[in-house]
Amino acid sequence: MNIPVESYFILSTLLFFIGVYGFVARKNLISILMSVELILNAANINFVVANRFIFPEQLEGHIYSLFVIAIAAAETAVAISIIINVYRQKKNIDAKSINELKY
Amino acid sequence: MELLTASNIIFFILAAAILLFGILTVTSTKILRSATYLFFTLFCIAGLYLQLNYEFLAAVQLSVYAGGIVILIVFAILLIKGLGEDKEINIGQRRIMGLVAAIVGSITCASVIIKFGFMPDYDLADLMVQTVDMKVIGKTLMGTNQYEYLLPFEAVSVLLLACIIGSIAIATKDKEDNK
Amino acid sequence: MEQLASLAPYVLILPLCMFLILGLFGKKMCPKVSGILGTTVFGIVSVLCYYIAFKYFFSGDYQIGDTFQKVTLFNMEWLRMNQNLVISIGFLLDPLSAIMLIVISTVSLMVHIYSMGYMHGEGGFQRFYAILSLFSFAMLGLVVATNIFQMYIFWELVGVSSFLLISFYYFKHSAVRAAKKAFIVTRFADMFFLIGILILSYYTKTFDFGPLTQVTDGHVEIVNSTMSGVTLLGFPIISIAVFLIFLGGAGKSAMFPLHIWLPDAMEGPTPASALIHAATMVVAGVYLVARLFPIYSFEAPHVLEIIAYIGAFTSIFAAVIACAQTDIKRVLAFSTISQIAYMMVALGVSGYGGVDGLGYTASMWHLFTHAMFKALLFMAAGAIIHAVHSNEMDAMGNLRKKLPITHITFLIACLAIAGIPPFSGFFSKDEILVAAFETNKWVFAVEYFVAGLTAFYMFRLYYRIFWFGEPENGYEHEPHEAPLNMTFPLMFLAAVTVITGISWAFGKFSFTEFISSDYSSYEIHTHWNIALPSIGAGLVGILIATFLYLEKTGRPNKAVSYIKKPYIWAYNKFYIDEIYLYVTNNIIFQRICQPIAWFDRHIIDGFMNLLSWVTNKTSEETKEVQSGYVQQYAWVFIMGVITIVLLSINL
Amino acid sequence: MNILSLFVIIPLVMMAVIFCVNGEKKSLIRTIMSIGGFALLCTSAYLTIQFLELRQIDSTSEFLFTESAMWYERFNIHYSVGVDGISVAMLLLSSIVVITGVFVSYAMEEKVKEYFLWFLMLSIGVYGFFISLDLFTMFLFYEVALIPMYLLIGLWGSGKKEYSAMKLTLMLMGGSAFLMVGIFGIYYNSIPEGSEGTFNIQEIAANVQALKANGGDISWEYIFFPLTFVGFGVLGAMFPFHTWSPDGHASAPTAVSMLHAGVLMKLGGYGCFRVAMYLMPDAAQDLAWIFIILTGISVVYGAFSACVQNDLKYINAYSSVSHCGLVLFALLMMNKTAMTGAILQMVSHGLMTALFFALIGMIYGRTHTRDIREMGGLMKIMPILCVCYVIAGLASLGLPGLSGFVAEMTIFVGAFQHPDLFHRVFVILGCSSIVITAVYILRVVGKILMGPVQDKHHETLTDAVWYEKVAAFGLIAAIAAIGMAPLWLSNMIGGGIENIAKLFTYGL
């Protein structure tokens, strides 16, 4: 096992930007939600890797990942309920149709 | 430095899978398929955790993420009528914008990471073998000393409760809508 | 001295009070009361003026040797500009102002009396008397001014009362137009007057006539010491200053090319024309030049020469136009212009001191006599208009039996203005011609011709009114003689014209005793070598007029057909009015005012509106950033972060 | 208590009383306003008499009736008041315009209570500005005077009132932005070494003089003088910052036009003089030529523009541009006589333009048009109003015996005393405005007052009612009083001018 820590970070970076791409480019809200999950996971990888490689004696990154997962679950639940509500209002879940907060 | 050790190969496979499924997640035109690809991505990430000897985290990742969240999303997709057939056509401006952001961002971050140089002389083999004892995790989560996280834990639990209530409140149909 | 000083203020205060009383409470009075009140009070003022002038000339208190002294009866500080420049309201008594006091009070009193009859039953009778009082106040204040700025103040007041009187029939378009024209033209001239005052006072540091007309060793010391050698654009500054002041006078005295307002001013009631536009206000310009005569004479002789030429040109110009006019008041108006130009010529050809100053004396003498007979002519014309209800010659004719008093007095005035002895006009005109002859032969020739022309057009007027045969359609009402309060002034002024003439002829009375350029009397004699030809010219003019207009024949038309073009030009006053109209309408209004107004609304204001438009537009555009699309926000956020990172790692 | 504070306290009390009154009781509100306005008039008359008496005794100190109270210690800001001859004249002017404005507003029926509240607010600003000796307090009152204009025009105006109100407020606010920079620039740069800064005008002037005497750096004056001058110049309708004036005046209700043109615009001239020129005399002297050109243009330009306008209020607004231009023009001539003339012109213009706007308002209230092409022969129908209008016109074109003449002649004579040819050429240019003024005044008089009656409907209109007569006659009386006996006023103002004029090379 002699993978340099940089490769993990680059992996997470790529995953993060795949998420970003999805977030910006996708049209419907659920896809965007999934892109957010990708981004969160990219962050999680970073936490874990940093914990393992840099401060292996402690568990900060580990515990943080746990919290992130918990919060991600919560966020998803709320997001999905919002999406469903939006769907009820607009009969679609296109991100473009939700711009009431402009100007 | 030997590259083709077993663990290295596993890492490369995992990494390739993560990226592949990630890309598929965001590019697939069928939304249910994207959800499926997302599941695979998360699954592979759990594998990565295992490789790093964080079994508990991998388990949580699998159970909560892959098992919970993705299922939730799938349910939502199925709940929303006609979404499955709704083809994602994301040509044009936003796709280019996304690509620009992703490519420029990746290059920037990658160059930063490479330039930074993380601890050139550590002993990887030593690090990898340390497994995390469940007891330690439990103690860390519930303890009140330094580097122990009772308060955030409780906060998260409150947050979760709030989320449950909130999502129910939001998703409940208004009575007037029914009429 | 003390007695006069205590009386003098009332000369100004009484008319002013009358103006205020009639102006404020006139509406509540019955017209008759206001007329009588105004006339009575002005009668008192006239008596005061006569008394002051009489005391001044005959008591001997104000003479040293045979030279009259300048006396300041009172001088009240009105506004102090700085240590040197003070505007005072005062009362300067010297031969010049004493003569003017007599002229003004006489004519004004006559007009007051005359108006009781003429304006009887007109709406605004009280207003008329109020403005007459204002005018009298202003004119008296003007002639007794102790300093040039007081003169300017009253100068303006005279101008505005003239405006108010011309626009007396304010519901008539023509009257309003004429009033505006009169005011603006004279105001334009006044601007030059003001600038002249400014230049003069800048150097001499005084407004006071005392030092400004103090002659020592052939120079006006204060002017010579401060202004000689100073030039502007190659002209001596003193010449510029006094020429500008003359321009002010030229405006009021209707010198070419600023004469255009005077004929139109005849839109006012006839008594007002008689007072303001014939006898008093229009000679203010002559008075102004006479007042500053030492400066003109010693410091700016070239300007005096220019004045002579302008005067000569104006006199012939106006006389030619007068020959072709058919409105009797306009004939008189042009005659007035011509005669005032005569006075200007006289000043222009005058020297200073003793016999050299003959022109000055003659000018003042002509001013006096002209005021009397021209006021008489106007009032007689008023009586005629009163009788036939028209200004046009064509509506008149054969009136000599019907208006006997008017006829006789009008004839006397015509003879006087035509320069037939022994009427007063002959003597004054003769002296002017003598003065011109001795100084400038060209000017003399022109004036000689004008003398004949004057006789012609005045008798043309006379015959057309009183002989010539009745108008084609007869008269609507039988014309009848005016009431006594109108004929009395006519008779009085005719008497003055005759008596001054005859007493001069018999050597009982010499104007040179009273007024001369250096205030000391000198002897003159009638120069028959010039007087006889001038009588001859007058007689020729009268004979031609008799030939053409004594009876209704085809002769006038025939005569006109020989000189058709010049006649039409003269009839249309050489189109000067049209030129002015073109300049004001097409150049000033359309080429200057309109573009400026457009510039203001569109460029200046447009720039302000542009600023607001740019602001609005910018915010319209930038608010698009707040699109409401969460993905766009995210993208901007990410790109921002990337940019910051890129910047912070120095690429 | 200091008599000067009464000028702020009386309107405040009036505001409080009117605030408590039921808005429906319109006549009660009007009565309160009349009484209060009269009280202010009496106070200013009393102040004038007191001032003249005290001046006899104490002729050395620059300001009389001074009083000072700290209200913000951190920056040494005081509520400090005091008057010299100039301020007394301006206070007198303001009081006359305010009381006549109240009478003119009697015809106002809509939201009377609110209207008068804002009206009082405006007058507090004006009075406060004239009595202040503290730059910051002065600026504060200046802003207090500006803001109510927006509401007064926007709510009670006519025509395109929102646009005009917005334009006026924004432009004046723009001016006060310059002004604020200028004021702080003066404040920070005039701090003498080793002591704390001050906003007191007198102290700043002394500090600046001391700085100059000690060979200190005064180059900052060259930055802040133009800023301050332009800042006040906007309010003084200096070309090319005058365009708020025609629109603003045209849309404003009558009394607001009166107060604005009559008094508020004078704040500009007064400020230019009291702040810009007094505190930065060196820059003023060196940079005057720029502003002489600008104001010289205003004088002629305003007059020419007025010649072709068809709206009565526009004519008067452009005429104000011309006349107020003359004020600044005369100030920049920087000698005692011309500056005295400038202040006289402020007073005179304030009175006659107030009279003009009052009469225009009254005529408009009857004919419902301000277009001169639609009126004619009004003299026959409403003689009193029209005679007043003629008098106002004559005052405006500088008829002797009315105030305009005194002011203009003092300006021209004074300005012509400047030994520099450049200045004198501009004076001659300025003189030409008196002819153009005659043109546009007579154009209006001839068109709407004289001639035959143009509109048959106008024949039934009524003449002035009592409160209109009070307003018009009051203003005419003041105009005539100054015109006939100008000496006391001229001397009173001249006394105040001397302190400032002596700072300039050709000042005295």
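**Helix packing and chain contacts in a predicted model**

Colleague: What makes the crossing of α10(D) and α13(D) right-handed?

Modeller: The crossing of α10(D) and α13(D) is right-handed; the word applies if the near helix is turned clockwise from the far one by less than a right angle, and left-handed if anticlockwise. This is a predicted model, in which local features need pLDDT of at least 70, side-chain atom pairs count only at pLDDT 80 or more, and totals for chains, interfaces and linings use all residues. Residues are numbered from 1 along each chain as its sequence is written, while chains are lettered from A and ligands numbered from 1 in the order in which they are written.

Colleague: Why is α10(D) called roughly antiparallel to α13(D)?

Modeller: The axes of α10 (254–279) and α13 (336–367) of chain D cross at roughly 165° and come within 7 Å. Axes are lines fitted to C-alpha atoms, for helices over the stretch in contact, with angles from 0 to 180 degrees between N-to-C directions. Angles over 145 degrees count as roughly antiparallel, under 35 as roughly parallel, 65 to 115 as roughly perpendicular and the rest as oblique, so α10(D) is roughly antiparallel to α13(D).

Colleague: Which residues make that contact?

Modeller: Among them are T254(D), M258(D) and G262(D) of α10(D), and M346(D), G350(D) and F357(D) of α13(D). Two residues are in contact if their C-beta atoms, placed from the backbone, lie within 7 Å.

Colleague: How do you know that α15(D) is mostly covered?

Modeller: Eleven of its 14 residues are buried, including Y389(D), I391(D) and L394(D). Buried requires 20 or more other C-beta atoms within 10 Å of the residue's own; 12 or fewer is exposed, and in between is partly exposed.

Colleague: What span should α15(D) have?

Modeller: At 1.5 Å a residue, the 14 residues of α15 (383–396) of chain D should span 20 Å, and the end C-alpha atoms are 20 Å apart, which agrees. The expected span is 1.5 Å times one less than the number of residues. G398(D), with a positive phi near 80°, follows α15(D).

Colleague: Which chains share the most contacts?

Modeller: Chains A and B do, of the four pairs of chains in contact. There, 75 residues of chain B are in contact with 60 residues of chain A. On the side of chain B that touches chain A, α4(B) gives the most, with 13 residues.

Colleague: How far apart are the nearest C-alpha atoms of chain D and chains A and B?

Modeller: Chain A and chain D do not touch, with nearest C-alpha atoms 23 Å apart. Chain B and chain D do not touch either, and there the figure is 41 Å.

Terms used:
Helix = DSSP H or I, 4+ residues; strand = E, 2+ residues; numbered from the N terminus.
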